[in-house]
Amino acid sequence: MRPDMLNGKKVIDAEAQVLGEVAGIEIDIASWTVTHLCINLSDTAIEALGYKKPFLGKVQIDIPVGIVKAVKDVVTLDKSLAEIKTIVEPHRE
């Protein structure tokens, strides 16, 4: 699958809650491996993770690809939102 085909796919946690949508990927260019998915959070996830919703723009987080369970019509994670809260990484520019 090409990386651009991931953009816009909904991301669902282990409890079938919508976390948000894929906005991109992070690549380790030394090993040429995908390390993280960049996720634009849904309003519900923003609140659940304790972020402040901006007036304009989106809240974006990076999640490690190790918690991705499957990629089909949606990206399914093997962690719940509560578990994701403990491992979430802020977006790196």
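1. Charges. Lys and Arg count as positive and Asp and Glu as negative, with His and the chain ends not counted. Each charge is placed at NZ of Lys, CZ of Arg, CG of Asp or CD of Glu. On that basis, the protein has 11 positive and 14 negative charges, and their mean positions are 3 Å apart.

2. Basis of the model. This is a predicted model, in which local features need pLDDT of at least 70, side-chain atom pairs count only at pLDDT 80 or more, and totals for chains, interfaces and linings use all residues. Numbering starts from 1 along each chain as its sequence is written, and side-chain values use heavy atoms, with hydrogens and water left out.

3. Confidence. pLDDT is the predictor's confidence in each residue, from 0 to 100. The average for the protein is 90, and 95% of the residues score at least 70. Among the elements, strand β1 (residues 10-12) has the highest mean pLDDT, 98. Strand β7 (residues 89-90) has the lowest, 57. Where pLDDT is low, the predicted coordinates should not be read in detail.

4. Secondary structure. Helices (H or I, at least four residues) and strands (E, at least two) are DSSP runs, numbered from the N terminus. The protein has two helices and seven strands. Their order from the N terminus is β-β-β-α-β-β-β-α-β.

5. Overall dimensions. The radius of gyration is taken over C-alpha atoms, and the globule rule is 2.2 Å times the number of residues to the power 0.38. For 93 residues, a compact globule would come out near 12 Å; the protein has 13 Å, which agrees. Along the principal axes, the C-alpha atoms fill a box of roughly 35 × 30 × 25 Å.

6. Surface and contacts. Accessible areas come from the Shrake-Rupley method with a 1.4 Å probe; for residues, only the protein chains shown count as cover. The protein exposes about 5,900 Å², and carbon and sulfur atoms supply 55% of that area. Buried means under 20% relative accessible area, exposed over 50%, and partly exposed in between (1.4 Å probe, protein chains only). Of the 93 residues, 33% count as buried. Contact means heavy atoms within 4.5 Å. Of the contacts with a separation of 6 or more, 45% are between residues 24 or more positions apart.

7. Leucine 19. This residue lies in strand β2 (residues 18-28). Leucine 19 counts as buried, at 1% relative accessibility. Not counting residues up to four places away in sequence, leucine 19 touches Val11, Ile39, Asn40, Leu41, Ser42, Ala45, Leu49, Leu77, Leu81 and Ile84. Leucine 77 is 58 residues from leucine 19 in sequence, yet their C-alpha atoms are 9.6 Å apart.

8. Glycine 24. Strand β2 also holds glycine 24. Glycine 24 counts as buried, at 14% relative accessibility. Leaving aside neighbours within four places in sequence, glycine 24 is in contact with Asn7, Leu37 and Cys38. Isoleucine 39 is 15 residues away in sequence and 7.2 Å away in space, C-alpha to C-alpha.

9. Positive phi. Most residues other than glycine have a negative phi. Alanine 16 is not a glycine, but has a positive phi of about 65 degrees. Alanine 16 lies in the loop between β1 and β2 and counts as exposed, at 62% relative accessibility. Tryptophan 32 is not a glycine either, and has a positive phi of about 55 degrees. Tryptophan 32 lies in the loop between β2 and β3 (33-41). At 65% relative accessibility, tryptophan 32 counts as exposed.
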